[in-house]
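Please look over the sequence and the structure shown here, and then read the notes on selected features that follow.

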Amino acid sequence: MPRLEEHCWGRSCASRVESKTFSGGNWVASRAEEMMSIVTTVLSNAYGSLQSVRAAHLIRRGLVLFTVGVVLALVLNLLQLRRNVTLFPEEVMATLFSSAWWIPPCCGTAAAVVGLLYPCIDSHLGEPHKFKREWASVMRCIAVFVGINHASAKLHFANNAQLSLTLAALSLGLWWMFDRSRSGFGLGIGTAFLATVITQLLVYNGVYQYTYPDFLYVRSWLPCIFFSGGVTVGNIGRQLAMGGVEKLHND
């Protein structure tokens, strides 16, 4: 009898221990699940806020680039008109800024696309551009670009080939001084090609015309202007992206 009582008492104690262990395990599991749920919620909220901040920075950069493109289009197009490099119909010349209404928004949109594309390509290639990353360098790049455009309208050579070679050398010099990246060179070439083709189509359809065209309805130095413009806008876009990244880290 005593052995039977001891056996029953031992089994009762063991069952109580197992019950406590099982309830303790359930409590730990529920707490762990609750903590995981809290961590997941916090991470999802942080990711959502980070995405919204990035989207806001992207929109701001796009607006800045659009404004830069509009201003450069108005200034440089006015310079070309004053030098009789490009010709528009008489009704266009009588409008505000002596420019077609569609030129500033088109150039602004192109500047926003190119300026946002440069840092994206750098990130995709895993080659962050760090050469002369400062606003003073960007401003000098803009000044050189305006100078190249001014030279295309003011310099006079014996023939257009000499002018085109000179502007090509200046454009490559601008890239070498302020960029020196493979992505910048490739995107500059792509920008020059696409913009030249679009310009040729516009001239072919009689939207406007160039004086003394020597390269499929346009001037042969035009791709050089588009190349240097693409590099310049790309530098502005990179600098804006760099400022946005620093601000994200500070936040």
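## Nonpolar surface patch

In this predicted model, Phe193, Leu194, Val197, Ile198 and Leu201 together make a nonpolar surface patch of about 490 Å². One of these residues, Val197, has its place in helix α6, and, with a relative accessibility of 30%, Val197 counts as partly exposed.

## The largest pocket

The largest pocket has a volume of about 1,100 Å³, and its lining is made up of 39 residues, among which Cys107, Ala110, Ala195, Thr199 and Phe226 lie nearest the centre of the pocket. Two or more residues of this lining are given by each of the elements α1 (2-82), α3 (103-125), α4 (135-154), α6 and α7.

Helix α3 provides the largest share of the lining of the largest pocket, with nine residues.

## Aromatic pairs and a cluster

A search of the whole structure finds four aromatic pairs. In one of them, Phe185 and Phe227 are arranged edge-to-face, with 5.8 Å from centre to centre and 70 degrees between the planes; this arrangement counts as edge-to-face because the angle between the planes is over 60 degrees.

## Positive phi angles in loops

Arg180, although it is not a glycine, has a positive phi of about 65 degrees. This residue is found in the loop between α5 (160-178) and α6, and Arg180 counts as partly exposed, with a relative accessibility of 39%.

Tyr217 is likewise not a glycine and has a positive phi, here of about 80 degrees. The place of Tyr217 is in the loop between β2 (209-210) and α7, and, at 46% relative accessibility, Tyr217 counts as partly exposed.

Technical notes. Residues numbered from 1 in each chain as written. Predicted model: local features only at pLDDT ≥ 70, side-chain atom pairs only at ≥ 80, totals over all residues. Heavy atoms only, no water. Phe/Tyr/Trp six-rings, centres within 6.5 Å; stacked < 30°, edge-to-face > 60°. Patch = residues over 30% accessible without salt bridge, like charges linked within 9 Å, V, L, I, M, F, W, Y side chains within 5 Å. Areas by Shrake-Rupley, 256 points an atom, 1.4 Å probe, with all protein chains shown as cover. Salt bridge = Lys/Arg side-chain N within 4 Å of Asp/Glu carboxyl O. Helix = DSSP H or I, 4+ residues; strand = E, 2+ residues; numbered from the N terminus. Buried < 20%, exposed > 50% of the residue type's maximum accessible area, 1.4 Å probe, protein only. 1 Å grid on protein atoms, 1.4 Å probe; cavity = no way out; pocket = protein on both sides within 12 Å on 5 of 7 lines; lining within 4 Å. Points joined across faces, edges and corners; volume = space filled by probe spheres on them.
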